[in-house]
Amino acid sequence: MWVVLALVVGSLVFYGWERISLELTSMTIIAILLVFFHLMPLDDGAGNNLLGADTLMSGFANPALLTVLALLVVGQGMVLTGGVSYVAGLVTEHGGKNPGVAILIGLLAVMLLSAFLNNTPVVVIFIPIIQALSERIQRSPSALMIPLSYAAILGGMTTLIGSSTNLLVSSSLIELGMPALEFFEFTVIGTVLALSGFAYVMLVAPHLLPAMASMRSKLAAPDGSGKQFIAQITVGPASLMIGSKPVAGFFKNLPNVTIQMIVRREHADLPPFDENMEIRPGDVLVVAATRKALTEALQKDLGLLHAEAAAVYEEGGDEGANRASQLLAEVMVPPGSRLIGFNLEQIGFRYQYKCLVLGIQRRSRMIRTQMTEIRLEAGDVLLVQGRADDVEALRVIRDVVLLEWSTRALPRPFHARRAAFIFLGVIAVAATGILPIMVSSFIGAGLMIASGALNLRQASRSIDRKIVLLVAAALALGNALQLTGGASFVATQMLDALSGAPAPVILSLFFLVVAVFTNVLSNNACAVLFTPIGIGMAQKLGVDPHIFAIAVLMAANCSFASPVGYQTNLLVMGPGHYRFVDFLRAGTPLIILLWIVFSLFAPWYYDLPMSAG
């Protein structure tokens, strides 16, 4: 027992220190446990080792861990097909007239999405949206990046799949011989805490954060336009642009896109455009737009796509093109390239390199001519789209230089509906109890791959090895704590220290202890290590063990006061230009608020006796 307790303390130190990677620390913990209990077996009296290799390594096959990994794959399918981006677009579209309202709606959307999705990609998608909205209301993005992360964490408190932490607590209950948590068992108390925290996030947290200028505002061009590409768009017969007329010189269906010229047959119109001009099929639009604005416009309106690009998106087209992973990348024309002096038609870029040029970016001047007629110069940057293998092949082409940082997987919106259907099916089947969450999530992950929403490589990349090793090590320590009597010993010591205190007070202080530890540890490690201790305390107090398990779950999600407490905190640290103290300043009051709300609401909700004993 003492060896295991010493190992728990050591793991707390090294996980919090982070000088050694989490993966290596986790593997070391498992290795020490394996060697120690092989040499010093824990005999059950019948000659069996209670903590043999099969028990200690069982974390790798733990149903909760496999469920988390399957849900990561399902969530990745929603991200890659543009399903989450579509929700983000609705936020900006319906709240665009009032950026303040849009920020409120956006953070609410983040909280709701995080109740059912892995919140990491949700935060990644909403970071640029919140940045753009903050600039529109002339507010520093640093006042809103931490609230964005906090909203995602708060949303994860409300359902069983809202966070991997929740699933691990439920799994620990099963391993201790108790019923698992139900899908919505703690939704009421989780919602009370989430709404209380959200009010703080909106009203108080922004005023506690520094008003720092974003890197973009320091380095961007004076007009704030960013890097612009010249692109040529042909209006197809099914385009949503048909019949559109300019309003004050701009077209509503092409937000953030500047039309430089409209070519109709042999006639070219330049801005300012006549208000009576109406877009017709076959019109060629020469536009200037950022990479993000251009790709968003093409994804929303497939009728604007070049015929060759449309084949990639449309179902029923070339099967290989549809199923292949499409990448978007930027390539530069270097000095000495054989492409200099020729236009795209003369080069035959599409047929020579099997990649389609969507736009050309030239820093020296703005060009008002059709993209296919632009003669390339050294330093031009081409925005290209192609299959992963074809984009990779550009590395060895001397006439262009592939800009490594620019390569991104292109969302496949024609799969968005089926991805959303699979995702909602997983949630519905698990929530109604038709199938366990483990089964429904595993089937959902398989369907995401089988439907083409993502391929095997993308599915494997969505699996985080840190989670795998961290959970396996934490579960091994949890088993060792329970079977050696360590969990019971710690629970007894804590109860002795609180001798005579009623159950609500003990529950409140236990919540606070876990909430403090989760900001220096991984929330997953905290959940698994403290669950057996909480169960031991509940049993000695004679109350329902699920109450203390839910306290662990809620407290382990209170990772607000440290950037290392939760992964979304690390995501916003760069865009917000935060220091460690900023998380401490904004997160500490939130932890105290949630502790007070839990301490007042939970005893009433669970009808805990106020008398001691």
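Trainee: In this model, why is Phe-184 called partly exposed?

Mentor: The model is a predicted one, and in it Phe-184 has a relative accessibility of 43%; since buried means under 20% and exposed over 50%, with partly exposed in between, Phe-184 therefore counts as partly exposed.

Trainee: What makes the pair of Phe-183 and Phe-184 edge-to-face?

Mentor: The ring centres of Phe-183 and Phe-184 lie 4.6 Å apart, and rings pair if their centres lie within 6.5 Å; their planes stand at 75°, and because planes over 60 degrees apart count as edge-to-face, the pair is given that name. Tyr-605 and Tyr-606 form another edge-to-face pair, at 5.1 Å centre to centre and with 80° between the planes. The structure holds 12 aromatic pairs.

Trainee: How do you know whether Phe-183 is buried or exposed?

Mentor: The relative accessible area of Phe-183 is 6%, and buried means under 20%, so Phe-183 is buried.

Trainee: Why is Thr-484 called buried, and where is its place?

Mentor: Thr-484 has a relative accessible area of 18%, and because the cut-off for buried is under 20%, Thr-484 is classed as buried. Its place is in the loop between helix 22 (465-483) and helix 23 (486-497).

Trainee: What does the side chain of Thr-484 reach, and with which residues is Thr-484 in contact, leaving aside its neighbours within four places in sequence?

Mentor: The side chain of Thr-484 reaches the backbone oxygen of Ala-480 at 2.6 Å, and, with those sequence neighbours left aside, Thr-484 is in contact with Met-1, Val-4, Phe-37, Leu-42 and Leu-51.

Methods:
Residues numbered from 1 in each chain as written. Predicted model: local features only at pLDDT ≥ 70, side-chain atom pairs only at ≥ 80, totals over all residues. Heavy atoms only, no water. Helix = DSSP H or I, 4+ residues; strand = E, 2+ residues; numbered from the N terminus. Buried < 20%, exposed > 50% of the residue type's maximum accessible area, 1.4 Å probe, protein only. Polar contact = N/O pair within 3.5 Å; in protein donor to acceptor, adjacent residues only side chain to side chain. Contact = heavy atoms within 4.5 Å. Phe/Tyr/Trp six-rings, centres within 6.5 Å; stacked < 30°, edge-to-face > 60°.
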